[in-house]
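Biologist: Please show me the model, and then let me ask about it piece by piece.

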Amino acid sequence: MVASRTQIGIVAGALITFGLGLTLYKSLSLGLPLLPEQYQDVWTIESKISFQPSEGPVEVSLTLPQDSNGWVILNENFASPGFGFTVAEDDLGSHARWTRQRVDKPTTVYYKAQVYAQLDELSDPQQPPVVSKLPRLTDEVKRGFEIFVDNLREKSTSDESFVELLLQAFLNGKDNQEVQFILRRAREGRVNAILDVLAFAGIPAHPIRGVQLEDGRRRQVLSMLLEVYNGNEWIVFNPADGSSGLPQDFYVWQRGDNAILTVIGGKRSSLEFALVNNRLPLRTIVSMEQKSNQFALLDFSIYA
């Protein structure tokens, strides 16, 4: 009798251990939720590229977003009737390319992705912190930069506080003669002028382009944040209000100042986004991700 109870206990213990191990495997390795009622926001982001034809063959290149930006891409779709289509990889990432010998009328091509947030913060950039190159400055402009940077240095105690004061100065720039001087003589645009000041001050920084997520929003355009190295880590700043940290409703599309969209053989091109949010069971999301990973193993190109 004692031996039978011992055997039953051993079998029961083995089954419990197997069940716990299987549960942990599904949760940790496959990402399946432990609770069936877990849900996750999934965003459908449709990119619309429109342009007018000009002369010669047409080539449209769109830089594609990457999973490393804190989000997971569940699936991607491309619509380009009458165009040749490929996805190319280079040192700057993945690029969708539409090609056609001739276009006779205004044309639109589409890229659509379903994504969800996996991380609350951006992973560190792969490249080391490097100070951006400044455009050539005249002696007068260089002196203006020196005065402005020196004034900010006197009021700041670190690179991080320097950036905070710099953003505040530009936010209140209407009454600041130094800011107005820089805006007139730096690269076009307020964000580019801020980046030029940071480069002059020797602080590594680069733009982050992305989409401000808002359910049901159409004709959305790319927004820009700044990622600045404070000597120890990268910190995200919003030049629109001076705040720090990555907003939860900001989908990062690209790091760096390389062009996201280029159109050869076309003119008056534009890139707009339509956004839809759906709340899906986590089990469904994991299943979609697994199917997407299996599909990504195929080496292929599409002719649409």
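Biologist: Which residue forms a salt bridge with aspartate 196?
Modeller: A salt bridge here is a side-chain nitrogen of Lys or Arg within 4 Å of a carboxyl oxygen of Asp or Glu. For aspartate 196 the closest N and O atoms are 2.9 Å apart. The partner is arginine 187.

Biologist: What kind of model is this, and how are residues numbered?
Modeller: This is a predicted model, in which local features need pLDDT of at least 70 and side-chain atom pairs count only at pLDDT 80 or more, while totals for chains, interfaces and linings use all residues. Side-chain values use heavy atoms, with hydrogens and water left out, and residues are numbered from 1 along each chain as its sequence is written.

Biologist: How many salt bridges does the rule give?
Modeller: One of them joins arginine 102 to aspartate 104, with the closest N and O atoms 2.9 Å apart. In that pair arginine 102 is exposed at 61%, and aspartate 104 is exposed at 62%. The count by this rule is 8.

Biologist: How many residues apart in sequence are the parts that arginine 219 and glutamate 272 tie together?
Modeller: The side chains of these two residues, arginine 219 and glutamate 272, meet in a salt bridge of 3.2 Å, N to O. Arginine 219 lies in the loop between S7 and S8, and glutamate 272 in strand S12 (residues 266-281), so the pair links parts of the chain with a sequence separation of 53 residues. Strands here are DSSP runs of E, at least two residues, and helices are runs of H or I, at least four, both numbered from the N terminus.

Biologist: What is the phi of arginine 219?
Modeller: Most residues other than glycine have a negative phi. Arginine 219 is not a glycine, yet its phi is positive, at about 60 degrees.

Biologist: Where does arginine 268 lie?
Modeller: Arginine 268 also has a positive phi, of about 50 degrees, although it is not a glycine. This arginine 268 is exposed, at 61% relative accessibility. Its place is strand S12.

Biologist: How many bridges pair strand S1 with S12?
Modeller: Two strands pair if DSSP finds at least two bridges between them. Strand S1 (residues 39-53) runs antiparallel to S12, and aspartate 41 has arginine 279 in S12 as its bridge partner. The number of bridges between S1 and S12 is 14.

Biologist: Which residue in S6 is the bridge partner of lysine 48?
Modeller: S1 is joined to strand S6 (residues 107-117) by 9 bridges, and the two run antiparallel. The partner of lysine 48 in S6 is tyrosine 110.

Biologist: Which strands are at the edges of the open sheet of 4 strands?
Modeller: The order in this sheet is S9-S8-S7-S10, with antiparallel pairing. Each edge strand pairs on one side only, and these strands are S9 (234-237) and S10 (250-255).

Biologist: Which residue in S8 stands opposite isoleucine 208?
Modeller: Strand S7 (residues 205-212) and strand S8 (residues 223-229) are antiparallel and joined by 6 bridges. Opposite isoleucine 208 stands leucine 225.

Biologist: At what angle do helices H3 and H5 pack?
Modeller: Axes are lines fitted to C-alpha atoms, for helices over the stretch in contact, and angles run from 0 to 180 degrees between N-to-C directions. Helix H3 (residues 159-171) and helix H5 (residues 190-200) have axes 11 Å apart, and the packing angle is about 145 degrees.

Biologist: Which strands does H5 lie across?
Modeller: Contact means heavy atoms within 4.5 Å. H5 runs at about 10 degrees to S8, and the strands it lies across are S7 and S8.

Notes. Buried means under 20% relative accessible area, exposed over 50%, partly exposed in between (1.4 Å probe, protein chains only).
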